[in-house]
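Here is a short tour to read with the structure open beside you. We will go from the chain as a whole to its domains, then to the pairing of the copies and the core.

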There are 2 protein chains.
Amino acid sequence: MARAVGVDIGGTKMLAVALDDHGEVVASGKVPTPLDAEVLLRDLVLLVANVAGAGVQTLGVGVPGMVDSAGVLRRSPHLPGLEEVSLQKELSARLHGVGVRVANDASCAGWAEHTRGAASGADDMVMVTLGTGIGGGIVAAGRLVEGANGYAGEIGHMVVDPHGPPCPCGRQGCWERFASGSGLGRLGREWAIAGRAPAVVALAGGDPEAVRGEHVTVAAAAGDGPAQDLMAELAWWLALGLGNLANALDPALIVIGGGLVRAGAVLMEPARRAFVEMVEGHNTRPGLMLEAAALGEQAGAIGAALLGCS
Amino acid sequence: MARAVGVDIGGTKMLAVALDDHGEVVASGKVPTPLDAEVLLRDLVLLVANVAGAGVQTLGVGVPGMVDSAGVLRRSPHLPGLEEVSLQKELSARLHGVGVRVANDASCAGWAEHTRGAASGADDMVMVTLGTGIGGGIVAAGRLVEGANGYAGEIGHMVVDPHGPPCPCGRQGCWERFASGSGLGRLGREWAIAGRAPAVVALAGGDPEAVRGEHVTVAAAAGDGPAQDLMAELAWWLALGLGNLANALDPALIVIGGGLVRAGAVLMEPARRAFVEMVEGHNTRPGLMLEAAALGEQAGAIGAALLGCS
């Protein structure tokens, strides 16, 4: 019987998994993410019941944004309707007797990759999720780094170029302006408008302003030279931020997840090459490398379930 | 009787402290740092005997550079003569029956400030030492973050401006090119050569090329406007990197140590103002602030002693 359930609340969908006593996924489900907080809480409770029946003992929930230690979502550009909602309290009230824990989605994904994914066996690791923005999960000496308020891992807003493009957060040159899916879209449009990426523009229906990250990754995978150069530029910025994290935290490895990692070798190969140059004394760090995430889109939900029952 | 001894090996001097059973400093001493490894090891053993007599049970040693988990100094721009020396093994061989531990100096200082200094009571903190370069010590959930190889805390080589000045490490725009004592000297010379800091040039004997960081801090403390503007620029770069660390690690507070912190309010006040803008959701992080180190030049040695006997 499934006892531990995890739900990953994304900007567009909520994905749930139920784990058995051995931590294996025995059921999963997916529903759209409602905008309204009340509707979302109701649908989430239904989703939990659908994947786990009546036997659920613990629920872990991952959300994109800053979740404080009491389980309140304090900031979330992707889920503005949930800001300042005490998810832990609201869900506990709706699920009598179930232990509820709420955490940042990338921290959940990092915990899952550490526990049973690409970083299993590594006591020190960093998870970096490349989606619309960049999320992070940090594990040090086998423990999830949560920080004083529960906010550890907000690595997307690491400023890597103070003269760089403006970020919705109010600063300039945040890492996620360069190395996320939206960063790739921005780079792609710059090249498209400058006439440097015709195949990418063709994929975008001929409109340089309509270029998104997916158009670049598709063209690059098909062998288009300018698109591959764009991927290499993205990879260089990715490696720069990963180098900063490796210098600060000295992980045994870094796991890259999120939608952008589906681009595969056109991203990972130039990123690995650039990364070696970015790390202080790379040759003294045996085995330090970038690995693609192993758990795919379920990572966040699995990690939430594991954190919820730990 | 002193049982725990700590030694901080600096670029120019070695500073030792002996702690009593309550962790209080009961003796201290200081000698020049020899360039030759053999001479240094001999002098260090003499220094330990001088501060602690025959009763020493544990020795902790802090060194500037990357110390691996076996106590080998793998990289150290400030102590090239010690590179690849197995300090732990060599000292253990010379100090029969004494437990020896070797660690990075800034990690030691951070552990001291966490245990009994400006961050006592804070389970999550970051120590940043501003000297010729920038060193770091990270404490998460009450434990020193060491990393997979023992190298955690190499925060000075966080790239904050890829178009910035070259760093001896081979990259461009490392944080310590902007926010350390040598970064202040570089900024000061730029302003001096451009004719923007006459009082600073006067302190440097009239030669703009001779400007060092100390000339700027002295002029700023004396009320010179351009020197205070230079300190504000340094403080802005300092705050940028501190913001990156706060976003990644969510510390309860950040402790600033090293020689540059003696500049006092002309550094700390603009740094505090700029820092607030650099942290994602600063208003949701109660109490997060920058504090000056409390233990002064003994922090590294005290922390080494505490780590050595833990």
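## A tour of the model

In chain A, buried residues account for 59% of the 310 residues. Please keep in mind that this is a predicted model.

How does the overall size of chain A look? With 310 residues, a compact globule would have a radius of gyration near 19 Å, and chain A agrees because its own value is 19 Å. Along the principal axes, the C-alpha atoms of chain A fill a box of roughly 60 × 45 × 35 Å. The chain contains 10 helices and 12 strands. If you look at contacts in chain A between residues at least 6 apart in sequence, 62% of them join residues at least 24 apart.

The domain assignment divides chain A as follows.

| Domain of chain A | Residues |
|---|---|
| Domain 1 | 4-111 + 298-308 |
| Domain 2 | 122-293 |

Taken over C-alpha atoms, the centres of domain 1 and domain 2 of chain A are separated by 26 Å. Where they meet, 14 residues of domain 1 of chain A are in contact with 16 residues of domain 2 of chain A.

Which elements supply the domain 1 side of chain A that touches domain 2 of chain A? Strand 5 (66-67) and helix 3 (105-116) of chain A each give at least two residues to that side. Helix 3 of chain A provides the largest share, with 6 residues. Sorted by class, this side of domain 1 of chain A has 8 nonpolar, 4 polar and 2 charged residues.

**How the copies are related**

**Inside the core**

In soluble globular proteins, nonpolar side chains tend to be buried together. Here, the largest nonpolar core has 226 residues, and Val5(A) and Val5(B) are the ones that touch the most other members.

What does Val5(B) contact, leaving aside its neighbours within four places in sequence? Its contacts are Ala16(B), Ala18(B), Val48(B), Val51(B), Ala52(B), Val56(B), Leu59(B) and Ala305(B).

Note on methods:
Residues numbered from 1 in each chain as written. Chains lettered and ligands numbered in written order. Predicted model: local features only at pLDDT ≥ 70, side-chain atom pairs only at ≥ 80, totals over all residues. Core = buried A, V, L, I, M, F, W, Y, C linked by C-beta atoms within 7 Å. Buried ≥ 20, exposed ≤ 12 C-beta atoms within 10 Å, placed from the backbone. Contact = placed C-beta atoms within 7 Å. Helix = DSSP H or I, 4+ residues; strand = E, 2+ residues; numbered from the N terminus. Rg over C-alpha atoms; globule rule 2.2 N^0.38 Å. Domains from an automatic or database assignment. Nonpolar A, V, L, I, M, F, W, Y, C, P; charged D, E, K, R; others polar.
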